[in-house]
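The following explanation is intended to be read alongside the sequence and the coordinates. It leads from the overall layout to individual residues.

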Amino acid sequence: MDNNVVEIKGLRKHYGGFELGSLDLELPAGCVLGLVGENGAGKSTTIRLIMDAVSRDAGQITVLGVDNQSPEFPAIKEDIGVVLDETCVPEVITARQLGKVMAGIYKNWDQAVYEGWLDKFQLPRNKKFKDYSRGMTMKLGIAAALSHHAKLLLLDEATSGLDPMVRDELLDVFADFAVEDGHAVLLSSHIVSDLEKICDYIAFLHKGKLALYEEKDALLDRYGILKCTKEQARNIPSEAVHSMRLGAYGAEALVERDCMPGDLLVERATLEDIILYLSKEDGQ
């Protein structure tokens, strides 16, 4: 496994008019991998494929050293905490009742840990799920995912629709989880600023294709934003420019910092800058 919690090689999946792949991804132990892309890019499909909730058409997925279509994989699911965008909890169930349900599902369920997370997240034990706010809903799902001693967290838009303070709180929880021995987190999100805060690696899915997979810090060092005149833009080496916007008063471009002439000022790009520019198909 080479210390990778998840390995994906040559993954493909076809749904009607949508095709995902081919994907090659690795999630090393101790790391957070951010999966970013527009709605419909294939983020949720990738997570379902990792869990073998849908069958792949081609390729291989290994989770915690086990092929996810092998007879051993159901036992490995004990070590995976999953939080989906739509939490699948019956509307009339309470947090207290959910703990009892989960205890019957997971052999490693730890009620004391669960109670601790309910306290930390200030979640009422006896309030029905249908009366929870969006933030409370996601916190309950995360509390459950963290209470059976999982080694891998798969989080699908777990911070979507939450206010900034709640998002920051949860991001800290995910980061703390990842640094524990043998742990890792895969977090899908369209909130790029969240991914920039805590991710070690970034995978950018665009229309089902893997447009980018790179270590975050290397990515931020590699790209820059150039603002210049149209005349200066015409003299930039073509291999240095990934995408350019031409306006009435000048040009702005995503560029390879190492390929730029020294007389031009290149600003540091944010992860959101990089994703937005790379998503422009025609480079304009």
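The model is a predicted one.

The domain assignment divides the protein into domain 1 (4-207) and domain 2 (219-283). The C-alpha centres of domain 1 and domain 2 are 35 Å apart. To the contact between them, domain 1 contributes 8 residues and domain 2 contributes 9 residues.

In soluble globular proteins, nonpolar side chains tend to be buried together. Here the largest nonpolar core comprises 55 residues, and Leu-140 and Phe-174 are those with the most contacts inside it. At least three residues of this core come from each of domain 1 (4-207) and domain 2 (219-283). Apart from this core lies another, of 32 residues, which includes Leu-23, Ile-50, Ile-76 and Ile-80. Once neighbours within four places in sequence are left aside, Phe-174 is in contact with Ile-142, Leu-153, Leu-155, Ala-158, Thr-159, Val-185, Leu-187 and Ile-198.

Leu-140 is one of the buried residues of helix H5, which covers residues 134-145. From its first C-alpha to its last, this helix of 12 residues reaches 17 Å, close to the 16 Å expected at 1.5 Å a residue. How much of H5 is buried? Of its 12 residues, 11 are buried, so H5 is largely enclosed by the rest of the structure. Among these buried residues are Gly-135, Met-138, Lys-139 and Ile-142. The cover over the buried residues of H5 includes strand S6 (80-83), helix H3 (95-105), helix H4 (111-120), strand S7 (152-156) and helix H6 (164-178).

Helix H3 can be described by its two sides. Its residues Ala-95, Leu-98, Gly-99 and Met-102 are buried. Viewed down the axis of H3, the buried residues fall within an arc of 105°, so they line one face of the helix. Lys-100 and Gly-104, on the other side of H3, are exposed. H4 and H5 are included in what covers the buried residues of H3.

Where in the structure is Leu-195 placed? Leu-195 belongs to helix H7 (residues 192-198). With a relative accessible area of 0%, Leu-195 is buried. Although Leu-195 and Val-32 are 163 residues apart along the chain, their C-alpha atoms are separated by 8.9 Å. Leaving aside neighbours within four places in sequence, the contacts of Leu-195 are Gly-34, Leu-35, Val-36, Leu-187, Ser-189, Ile-202, Lys-216 and Leu-271.

Arg-56 occupies the loop between helix H1 (43-50) and strand S4 (58-63). Is Arg-56 buried or exposed? Its relative accessible area is 15%, so Arg-56 falls in the buried class. The side chain of Arg-56 makes a polar contact of 3.3 Å with that of Asp-67, and another, of 2.4 Å, with the side chain of Asn-68. Not counting residues up to four places away in sequence, Arg-56 touches Leu-11, Arg-12, Lys-13, Leu-49, Ile-61, Asp-67, Asn-68 and Gln-69.

Lys-13, one of the residues touched by Arg-56, is located in strand S1 (residues 4-15). Lys-13 has 12% relative accessibility and therefore counts as buried. A polar atom of the Lys-13 side chain lies 2.7 Å from the backbone oxygen of Ser-55. Beyond four places in sequence, the contacts of Lys-13 include Phe-18, Glu-19, Leu-20, Thr-45 and Asp-57.

Some backbone features remain. The peptide bond joining Gly-21 and Ser-22 is cis, with omega about 5°, and Ser-22 is part of strand S2 (residues 18-28). Asp-52 is not a glycine, yet it has a positive phi of about 60°. This residue lies in the loop between H1 and S4 and, at 28% relative accessibility, counts as partly exposed. Leu-64, also not a glycine, has a positive phi of about 50°. Leu-64 is situated in the loop between S4 and strand S5 (66-67), and its relative accessible area of 17% makes it buried.

Methods. Residues are numbered from 1 along each chain as its sequence is written. This is a predicted model: local features need pLDDT of at least 70, side-chain atom pairs count only at pLDDT 80 or more; totals for chains, interfaces and linings use all residues. Side-chain values use heavy atoms; hydrogens and water are left out. Helices (H or I, at least four residues) and strands (E, at least two) are DSSP runs, numbered from the N terminus. The expected span of a helix is 1.5 Å times one less than its number of residues. Buried means under 20% relative accessible area, exposed over 50%, partly exposed in between (1.4 Å probe, protein chains only). Contact means heavy atoms within 4.5 Å. A nonpolar core is a set of buried Ala, Val, Leu, Ile, Met, Phe, Trp, Tyr and Cys residues joined through side-chain atoms within 4.5 Å. Domain bounds come from an automatic or database domain assignment. The arc is that of the directions from the helix axis to the C-beta atoms. A polar contact is a pair of N or O atoms within 3.5 Å; within protein, one must be able to donate a hydrogen and the other to accept it, and residues adjacent in sequence count only if both atoms are side-chain atoms.
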